[in-house]
Amino acid sequence: MPRKPAAAPSRTPTTSSPARPARAHEVRIIGGQWKRTRLAVADKPGLRPTPDRVRVTLFNWLASLAGAGGGELPGWQCLDAFAGTGALGLEAASRGAAGVLLCEQDAALVAQIQAAKTKLSAEAVRVERGNGVTALERAPAASFDVVFLDPPFDSTTLYEPALRAAARAVRAGGAIYLEAPRRWSDEEAAALGLVVFRHLKAGAVHAHLLMHAAHGTA
């Protein structure tokens, strides 16, 4: 008699599943005390939260400057000049920054960031409606450990004045994070007294970490 085919092994459903990626219209905090917290993001044209992969790398870069492990920024003073979703500034606060100023012009986005601050009880965070370049220009010189610059990609005229103002506002040995649709050259950075310390390309995003030329090394 022909043999019956062997029965297929039974498959027991697994209860474990990988961490869910951030869905559209929300942003996830990657590390620190609010790790994995998901926050709502407004559905606005051109709003472009910094990708998770880029934020992981960025905060590892910054933690190495802070002399801390695990992407932590203990005691740092930070300014997120074009806050948008607030992802960068809130991430910094989650990782131990002592003070974080988030500047944003859009009233709806300011309200959303304020709601996120309230949800997290983020006492180190201050939210301000206004122009990020103006906030940098009026800040005391050398008053920040890091300045985050993530202007709208189509607002190309903002980049140079924002970098110039940030170079004045950041302390010696501090850093400027620049997110842009193209790579900024060493020559362009040098004209502002800066050096490109780190660079990463992820899709359409060019992520730069810049420092004062006297302190940074490529």
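Student: Which elements do the buried residues of helix 5 pack against?
Tutor: This is a predicted model. In it, the buried residues of helix 5 pack against helix 4 (132-138), strand 6 (144-149), strand 7 (170-180), strand 8 (194-202) and strand 9 (205-212).

Student: And which residues of helix 5 are buried?
Tutor: Helix 5 covers residues 159-169. Its buried residues are Tyr159, Ala162, Leu163, Ala165, Ala166, Ala167 and Ala169.

Student: OK, helix 1 now. How many residues does it have, and how far does it reach?
Tutor: Helix 1 runs over residues 52-66, which makes 15 residues. From first C-alpha to last it reaches 21 Å, close to the 21 Å expected at 1.5 Å a residue.

Student: Which of its residues are buried?
Tutor: In helix 1 the buried residues are Val54, Arg55, Leu58, Phe59, Trp61, Leu62 and Ala63.

Student: Why would residues a few places apart point the same way?
Tutor: An α-helix has 3.6 residues a turn, so residues three or four places apart point the same way.

Student: What do the buried residues of helix 1 pack against?
Tutor: They pack against strand 1 (26-28) and helix 2, and also against strand 6, strand 7, strand 8 and strand 9.

Student: What comes just after helix 1?
Tutor: Gly67, which takes a positive phi of about 70°.

Student: New topic. How much space is in the largest pocket?
Tutor: About 530 Å³. The pocket is lined by 29 residues, and the closest to its centre are Leu47, Gly84, Glu104, Asp150 and Pro152.

Student: Which helix and which strand each supply at least two residues of that lining?
Tutor: Helix 2 (87-94) and strand 4 (99-104) each do.

Student: How does the lining split by class?
Tutor: There are 14 nonpolar, 8 polar and 7 charged residues in the lining of the largest pocket.

Student: What about cysteines? Why does Cys78 count as buried?
Tutor: Cys78 counts as buried because its relative accessibility is 1%, and the cut-off for buried is under 20%. Cys103 counts as buried too, because its relative accessibility is 0%.

Student: How many disulfides are there?
Tutor: A search of the whole structure finds 0. A disulfide is a covalent bond between the sulfur atoms of two cysteines.

Student: Last thing, the whole chain. How many helices and strands?
Tutor: The protein chain has 6 helices and 9 strands. Of its 218 residues, 47% are buried.

Student: What share of the contacts join residues at least 24 apart?
Tutor: Among contacts between residues at least 6 apart in sequence, 60% do.

Conventions: Residues numbered from 1 in each chain as written. Predicted model: local features only at pLDDT ≥ 70, side-chain atom pairs only at ≥ 80, totals over all residues. Heavy atoms only, no water. 1 Å grid on protein atoms, 1.4 Å probe; cavity = no way out; pocket = protein on both sides within 12 Å on 5 of 7 lines; lining within 4 Å. Points joined across faces, edges and corners; volume = space filled by probe spheres on them. Helix = DSSP H or I, 4+ residues; strand = E, 2+ residues; numbered from the N terminus. Nonpolar A, V, L, I, M, F, W, Y, C, P; charged D, E, K, R; others polar. Disulfide = S-S within 2.5 Å. Buried < 20%, exposed > 50% of the residue type's maximum accessible area, 1.4 Å probe, protein only. Contact = heavy atoms within 4.5 Å. Expected span 1.5 Å × (residues − 1).
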